[in-house]
Amino acid sequence: MSRIITTILTTLVLLAKFSVGHAQSSTEIFLFELIKENGTYKLANPKNISNNPGYDNQPSFISENELVYAANFDNQTDIVRLNLESNEKTRMTETPGSEFSPKLTPDGKYISSIILDRNGSQTLVKYPMKGGDPKIIPSEQKIGYYCWFDKKTVFSFVVGSPPSLQEWNTKNSEFKIIMMNPGRSLSKIPSQKSISFIHKESDDIWYVNSYDPFTDKVTYITECIKGAEDMAWASDGTAFLSDQKKIYKFNSESDNSWQLVADMETFKLSEASRLAISPDLKWMAVVIAE
């Protein structure tokens, strides 16, 4: 694998700067009931679903009752698939390197992830859902975070000084710079032909924006809470944002600003970071610092 992709000696250092996850802090994943009443949301009944020493992070739902996440095993991370109904955990990968940011591909056939080899090399890989050899997606760029737009298009947080948001055509390996200084949360917006990202215009001013690749247009959505860069979308078009102890929601049709959903102190839990919401809006997975 290391002969196929470019060796990047500074990648781990740069990713550690931009990512709590890649620094492998000790975290657990908690599953909350997500309850919607009269247009408002609340969280209830948190349960530790990773329950594993060290780093457990970056949850992503692949169906209403299944999610994948990165988990620590013997000083490396691999991808775990969890069935919420049976509580069965399946270790999908067991490689010499470490996998991060698992996601279901648009065709539903693979779980993709970024793999960081022990020699410092880095690339995007697709693992077949039914098992079999992984498919490598080579790139000379330093991909820190990503989201799928369609079967061939990936939007990427490209590590650099400064970092950039880039549109990546995985068929011809071409990249297009969209904007500088993005945050780490990249998501396709439900029921829209656009993606969302947090733009750090300055140290004090952060925005949530959308980008439409068909019109090449960046659109302002709302101002972001400074320092809060973990955001996820629900299927009804509501965005959720974690700000350490608190989780907020924003829906452009009903909200003028971020509305409080939950305070982690209520549940006697520590700082919250990454979020994921099930397609049926019944569950929210939240990464909690140990």
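In this predicted model, four strands form an open sheet in which the order is S15-S16-S17-S18 and the pairing is antiparallel. The edges are taken by strand S15 (182-188) and strand S18 (217-223), and because each of these has a single partner strand, one side of each is left without a neighbour in the sheet. From one strand to the next, the twist averages 25°. In general, strands of a sheet pair through backbone hydrogen bonds, either parallel or antiparallel.

The pairing of S15 with strand S16 (residues 195-200) can be followed residue by residue. These two strands run antiparallel and are joined by four bridges, including the two listed here.

| Residue | Bridge partner in S16 |
|---|---|
| Leu186 | Phe197 |
| Ser187 | Ser196 |

S15 and S16 form a hairpin with six residues between them, and in the turn Ser191 has a positive phi of about 65°. Although S15 stands at an edge of the sheet, six of its seven residues are buried, so S15 is largely enclosed by the rest of the structure.

When the whole structure is searched, one cavity of 30 Å³ or more is found, and the volume of the largest cavity is about 30 Å³. Its lining consists of Gln122, Thr123, Leu124, Ile137, Ser139, Gln141, Ile143 and Trp168. Strand S9 (residues 122-128) gives the most to this lining, with three residues. Sorted by class, the residues lining the largest cavity are four nonpolar and four polar, with no charged residues.

Notes
Residues are numbered from 1 along each chain as its sequence is written. This is a predicted model: local features need pLDDT of at least 70, side-chain atom pairs count only at pLDDT 80 or more; totals for chains, interfaces and linings use all residues. Side-chain values use heavy atoms; hydrogens and water are left out. Two strands pair if DSSP finds at least two bridges between them. Axes are lines fitted to C-alpha atoms, for helices over the stretch in contact, and angles run from 0 to 180 degrees between N-to-C directions. Buried means under 20% relative accessible area, exposed over 50%, partly exposed in between (1.4 Å probe, protein chains only). On a 1 Å grid over the protein atoms alone, a cavity is a set of points where a 1.4 Å probe fits but cannot get out, and a pocket is an open set with protein on both sides within 12 Å along at least five of seven lines; lining residues have an atom within 4 Å of a point. Grid points are joined across faces, edges and corners, and a volume is the space filled by probe spheres set on the points. Ala, Val, Leu, Ile, Met, Phe, Trp, Tyr, Cys and Pro count as nonpolar, Asp, Glu, Lys and Arg as charged, and the others, Gly among them, as polar.
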